[in-house]
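Thanks for asking me to look this over. Here are my notes, point by point, to read alongside the structure.

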Amino acid sequence: MYNIISKSKIWLSISGLLIATSIVALSMWGLRLGIDFTGGSLLEIQYNTDRPSVTIIEEALQSNNLKSLTVQPVNEKGMILRFQDTSEETHQAVLTKLRELSPISENNQVNFEELRFESVGPSIGQELQQKAIYATLLVLLSISLYIAWAFRKVSRPVTSWKYGMATIISLFHDVIIVLGFFAYLGHFHGVEINTSFIAAVLTVLGFSVHDTIVVFDRLRENLPRSNDDFAGTVNTSVNQTLRRSINTSVTVLLVLLSTTVLGGSSIHYFSLALLIGIFFGTYSSIFLASPLLVIWQQMKQRQS
């Protein structure tokens, strides 16, 4: 049996360092919001051969009067153009201009392929931003209340609401790490978050709380019949669920790793957010949530 609880200070230090680093990253750089939240148009194209330079594209599109135009190279042959929300007529005019920049290939094919075009109005973007925040807060509140209710009969030596608090802290730990990592990606690699990222964060919340409840549920079963102290019972419960938690998570992580590497650009960052969140969700359910219960119980003992 692994003595996980006795090394709580190590696990809490690791989690504290990760949370602090993520908060610093978010404070310094923030998240790079996509057009889902800010409103605007996004056009992604993939060239078959060499692509024009960013400067050439920007100069060619000056006559189209596109407001807030940014041109960003992607990989070796891709290009993403962002500009204010526009009409289909302007969209087609932009494509025509881009075709003029790219010579027709030998088999009479256009030298690039349009991968996607998205256009979102600013009011819709702000509405999505608000709903994303409300959805996340509502999920956290619901989880906290549910766990406090589910563990209402386990009031000793730790009251039921502390199970809910430990779960919320673990969820905060998981989500803040994902946000911090994407703040880094947004600042250094231009990665934007969109509605699929919010879906990934909510999925991480669901997976993480499920894993934590498995551990707490085993603890709830063991407490009435255990002759060990609370710390020892928690350690036993964690060890009894350790193999199940790790095996389940590894199978999910292997799938997510495959979709992140091989799934293509449309789901790459969605899978990456899930990959990071579920990895640290598994970590927090074992090394953070349960040690927090023991620390609270020991603090209560010292006060009494």
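Which residues does S102 touch, not counting residues up to four places away in sequence? I come back to this in point 4.

1. A word on the source: this is a predicted model, where local features need pLDDT of at least 70, side-chain atom pairs count only at pLDDT 80 or more, and totals for chains, interfaces and linings use all residues. Residues are numbered from 1 along each chain as its sequence is written, and side-chain values use heavy atoms, with hydrogens and water left out.

2. Let's start with the sheet. Four strands form an open, antiparallel sheet in the order β2-β3-β1-β4. Strands here are DSSP runs of E with at least two residues, and helices are runs of H or I with at least four, numbered from the N terminus; two strands pair if DSSP finds at least two bridges between them. At the edges sit β2 (70–74) and β4 (112–120), each pairing on one side only. Strand β1 (residues 40–47) runs antiparallel to β4 and is joined to it by eight bridges. Within β4, E113 is the bridge partner of Q46.

3. Next, the helix. Helix α4 (residues 88–101) lies across β1, β3 (78–83) and β4.

4. Now back to S102, in the loop between α4 and β4. S102 touches Y47, P52, N111 and F112, where contact means heavy atoms within 4.5 Å. S102 and F112 are 10 residues apart in sequence, with their C-alpha atoms 7.7 Å apart.

5. Is S102 buried or exposed? S102 counts as buried because its relative accessibility is 4%; buried means under 20% relative accessible area, exposed over 50%, and partly exposed in between (1.4 Å probe, protein chains only).

How values were computed
Axes are lines fitted to C-alpha atoms, for helices over the stretch in contact, and angles run from 0 to 180 degrees between N-to-C directions.
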